[in-house]
Amino acid sequence: MKATQEQEAIIEASRTGENVLVQAGAGCGKTTNLKQIARAAPKYATLGYLAYNRSIAGEAKASFPKNTTSATAHSFAYRAVGFKYKDRMDAPRVSAKQTASILGINEGVAWGEAQFGPVKLALLSMEAVKRFCYSADTHVTSKHVPFVPGTEEFFPQLAEIVAPYAVKAWDDLIQTSGRLRFQHDVYLKLWALSNPTLPFDTVLLDEAQDANPCIEGVVKNQEAQIIMVGDSAQQIYAWRGAEDAMNRFDAPHRLTLSQSFRFGPAIAEEANKWLGLLDAPLRLKGFNEIKSEITSLDTAKAILCRTNASVVAEALHQQQADQRVAIVGGTGEIRAFAEAARDLMQGKPTYHPELIGFKNWSEVSKYVQEENATDLKVFVNLIDNYGVDTVMDVANKAVDEKYASVVISTAHKAKGREWNSVKIGTDFREPMNEDGSPADPIKSECMLSYVSVTRAMEQLDRGSLSWIDGHVEVEEKSIPRGIRIARERRMRKQQEEAS
């Protein structure tokens with residue numbers, strides 16, 4: 001396919017040998033453009049393509065030219081460091097109780113009725129190590145200890161108690177003869193700490209908005225030309241350590257891909273409402289050859305929800321209507337929460353990360369009512385309304401996607417996917433102040449909403465995201481005239497450059 005003017009401009013920038021940053025909107029052919037860059041490179045040049053996950057890397061190996069080595073950052077790290085720890089990765093699983101013993105955690109701590117025994121402290125220590133591995137930091141500290149719901153009054157003290165055990169865990173993990181469970185992120189971190197040099201003239205970083213600081217640091221330390229491609233408006237994994245590397249990247253060439261090939265003008269217009277709220281550096285143009293529409297759908301190929309709890313509720317509704325339901329990403333998280341709820345209801349301790357701070361189910365119910373823990377509250381209400389057995393039954397009845405009549409997913413897990421028809425679920429909430437008046441939209445929620453509406457190719461039912469209309473109208477009226485004019489000029493310039 002012939003390159004667009006936007007793609008040609010990016011190819012020309014890549015030929016300068018200088019760093020390039022590309023903001024690529026949803027469905028705008030960023031991977032295609034990276035292949036064009038590789039094909040346009042000098043014959044002697046070598047390129048390294050850092051893919052976001054293994055499946056993308058596999059597809060890239062089959063489609064990029066021979067001058068490009070395609071792999072995940074973990075793959076590069078394994079070749080350099082990880083292979084030394086193969087025996088540890090193949091070793092039997094280490095239980096949380098064994099982990100506590102290895103770390104020498106013999107006693108627990110308590111604040112009132114909140115009790116943290118050795119097993120809970122061990123789990124928090126290992127989670128702190130995981131967060132350290134995601135970071136650009138060189139040492140494990142208390143700041144890596146994850147917050148535990150229900151510990152607001154004493155969390156700083158808890159973190160200080162956990163931190164030394166996390167340091168001890170890291171000291172065990174870096175030894176080839178250590179005993180703790182060894183994860184892939186450990187050798188990635190060890191590789192990053194060694195300040196590695198990638199053997200390429202040009203490094204291509206895909207999905208740069210979701211690179212964690214560990215990977216970002218490796219890429220930025222290269223002497224090679226760096227080309228970062230991503231969409232800052234799709235940066236939805238901050239909760240697991242990702243940070244938008246694009247915002248901190250020094251590149252003399254900053255360009256955009258705004259022509260989407262996934263959907264037509266109607267859906268592009270809907271996406272642009274969210275990009276406007278985010279004050280994103282681009283606006284999308286729909287593909288005229290695709291007839292897309294914003295409509296109301298009784299049935300859709302995919303239903304996207306804000307939370308796992310709503311995925312379960314929607315799956316139950318669809319199963320009761322005799323639909324064959326697939327749940328994207330499987331049912332492991334749903335089962336784990338339901339099993340944890342059952343344990344707490346029976347007075348047993350649980351080690352689920354969101355419920356580890358509670359002694360029984362009534363404490364969980366009280367917490368979500370008093371602390372306005374919205375996401376947790378939805379799942380708690382689901383358990384209270386339907387019961388553990390019903391939730392588990394929904395998971396058991398889920399089928400593989402190839403057999404499904406409807407696919408249900410959280411918006412997070414839908415990223416990178418597309419369907420002909422998409423219906424937005426009921427749990428995306430309009431931001432409200434305590435007095436019931438509209439509040440300023442939350443940036444992370446706007447990003448998630450943008451990802452959601454851009455999964456549709458032909459038909460989009462906006463569902464609980466239709467509230468955007470009122471906010472766009474208010475925003476346009478409230479923006480000072482000078483800023484409005486500057487934005488309009490910028491958009492016109494982008495459109496002129498693209499055409």
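Reply: Contact here means heavy atoms within 4.5 Å. On that basis, residues 24 or more positions apart account for 72% of the contacts in the protein chain with a separation of 6 or more. The model is predicted, so local features need pLDDT of at least 70 and side-chain atom pairs count only at pLDDT 80 or more, while totals for chains, interfaces and linings use all residues. Residues are numbered from 1 along each chain as its sequence is written, and side-chain values use heavy atoms, with hydrogens and water left out.

The protein chain holds 20 helices and 14 strands (DSSP runs numbered from the N terminus, with helices being H or I of at least four residues and strands E of at least two). Its radius of gyration, taken over C-alpha atoms, is 24 Å, close to the 23 Å that the globule rule gives for 499 residues, so the chain is as compact as a globular protein of that length; the rule is 2.2 Å times the number of residues to the power 0.38. Along the principal axes, the C-alpha atoms fill a box of roughly 65 × 55 × 50 Å. Of the 499 residues, 50% count as buried (under 20% relative accessible area, with exposed over 50% and partly exposed in between, for a 1.4 Å probe and protein chains only).

The buried residues are Pro213, Cys214, Ile215, Glu216, Val218 and Val219. They pack against strand E2 (47-51), helix H4 (73-80), helix H7 (118-134), helix H9, strand E6 and strand E7 (225-230). Pro213 lies in H10 and has a relative accessible area of 12%. Between Pro213 and Asp244 the C-alpha to C-alpha distance is 8.7 Å, although 31 residues separate them in sequence.

A nonpolar core is a set of buried Ala, Val, Leu, Ile, Met, Phe, Trp, Tyr and Cys residues joined through side-chain atoms within 4.5 Å. In the largest such core, of 60 residues, Val219 is among those that touch the most other members, together with Leu50, Phe116, Leu158, Trp170, Trp191 and Met228. Helix H8 (residues 155-173) supplies the largest share of this core, eight residues. Apart from it lies another core, of 59 residues, which includes Ala3, Leu47, Ile236 and Trp467.

Leaving aside neighbours within four places in sequence, Trp191 is in contact with Ala73, Phe76, Ala77, Ala80, Val81, Pro196, Leu198 and Val218. The loop between helix H9 (184-193) and strand E6 (202-205) contains Asn195. This residue has a phi near 55°, a positive value in a residue other than glycine, and counts as exposed at 56% relative accessibility. The buried residues of H10 thus have both H9 and E6 among their packing partners, while Asn195, in the loop between those two elements, is exposed.
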